[in-house]
Amino acid sequence: MTDPNGSTLQKSDPDEPSPGAGTMLQTARPGPQEPPETRGRTTIADGVVEKIAGIAAREVPGIHALGGGFTRTMGAVRDRVPGGHTSAGRGVKVEVGEKQTAIDLQVVVEYGVSIGEVAAEVRENVIAAVERMTGLEVVEVNIAVNDVHLPDEDAPQPSEDRVH
């Protein structure tokens, strides 16, 4: 039988129960279903990985700041502007693929700490945080130590009055 729009209608079997006025929903046959993680894509922006890595690196004792000299200077200016805020990803560059990521960090360490030990701890902390939060495999964490922070660099400079 053909309805007015040209589609073919199949006659129902007289032995099958008629759905009546309601709609009958057919249930899927039980069987293996795809796991939830294969039912779509998740993409993670570079900025997300940068923030996670930056926060994880700053948590390590012996790290004074992230970023090179120019980056820190521009960040300090941005922090002083009303409405500006500290960027958690400052001093962090990442490459993010579908399943892996590579991370480059620029750090300033405190004077007196073992740079090798601090770098190893930063690497460990960053890898753990990024892999736990994103599920991405961290293939490398490159650390460039750009400066050493001296204890007296934060002390306000005494001003010398010209007139006594």
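Guide: Let us start with α1: the elements that cover its buried residues include β1, β2 (92-96), β3 and α3. Helices (H or I, at least four residues) and strands (E, at least two) are DSSP runs, numbered from the N terminus. This is a predicted model, in which local features need pLDDT of at least 70 and side-chain atom pairs count only at pLDDT 80 or more, while totals for chains, interfaces and linings use all residues. Residues are numbered from 1 along each chain as its sequence is written, and side-chain values use heavy atoms, with hydrogens and water left out.

Visitor: Which residues of α1 are buried?

Guide: Buried means under 20% relative accessible area, exposed over 50%, and partly exposed in between (1.4 Å probe, protein chains only). In α1 the buried set is Val49, Ile52, Ala53, Gly54, Ala56 and Ala57. Lys51 also sits in helix α1, but with a relative accessible area of 49% Lys51 counts as partly exposed. The C-alpha atom of Lys51 lies 8.1 Å from that of Val92, although 41 residues separate the two along the chain.

Visitor: How do I read the overall layout?

Guide: List the elements in order, then look at how far contacts reach. The protein chain has three helices and four strands, arranged along the sequence as α-β-α-β-β-α-β. A contact means heavy atoms within 4.5 Å. Of the contacts between residues at least 6 apart in sequence, 72% join residues at least 24 apart. Buried residues account for 23% of the 164 residues in the protein chain.

Visitor: What span is expected for α3?

Guide: The expected span of a helix is 1.5 Å times one less than its number of residues. Helix α3 (residues 115-134) has 20 residues, and its reach of 28 Å from first C-alpha to last is close to the expected 28 Å. For α1, with 13 residues, the end C-alpha atoms are 18 Å apart, in agreement with the 18 Å it should span.

Visitor: Which residues of α3 are buried?

Guide: They are Val118, Ala119, Val122, Val126, Ala129, Val130 and Thr134. Seen down the axis of α3, these fall within an arc of 110° (taken from the directions from the helix axis to the C-beta atoms), so they line one face of the helix. Gly116, Glu117, Glu124 and Arg132 are exposed on the other side of α3. The buried residues of α3 pack against α1 (46-58), β1 (63-66), β3 (100-110) and β4 (137-149). Just after α3, Gly135 has a positive phi of about 80°.

Visitor: How many cavities of 30 Å³ or more does a search of the whole structure find?

Guide: On a 1 Å grid over the protein atoms alone, a cavity is a set of points where a 1.4 Å probe fits but cannot get out, a pocket is an open set with protein on both sides within 12 Å along at least five of seven lines, and lining residues have an atom within 4 Å of a point. Grid points are joined across faces, edges and corners, and a volume is the space filled by probe spheres set on the points. The search finds one such cavity, and the largest cavity has a volume of about 30 Å³. Its lining includes Ile63, Val107, Val118, Val122 and Ile143, and α3 gives the most, with four residues.

Visitor: What is the class make-up of the two linings?

Guide: Ala, Val, Leu, Ile, Met, Phe, Trp, Tyr, Cys and Pro count as nonpolar, Asp, Glu, Lys and Arg as charged, and the others, Gly among them, as polar. The lining of the largest cavity has nine nonpolar, no polar and no charged residues. The largest pocket, about 310 Å³ in volume, has four nonpolar, six polar and five charged lining residues. Arg41, Thr42, Thr43, Glu98 and Lys99 lie nearest the centre of that pocket.
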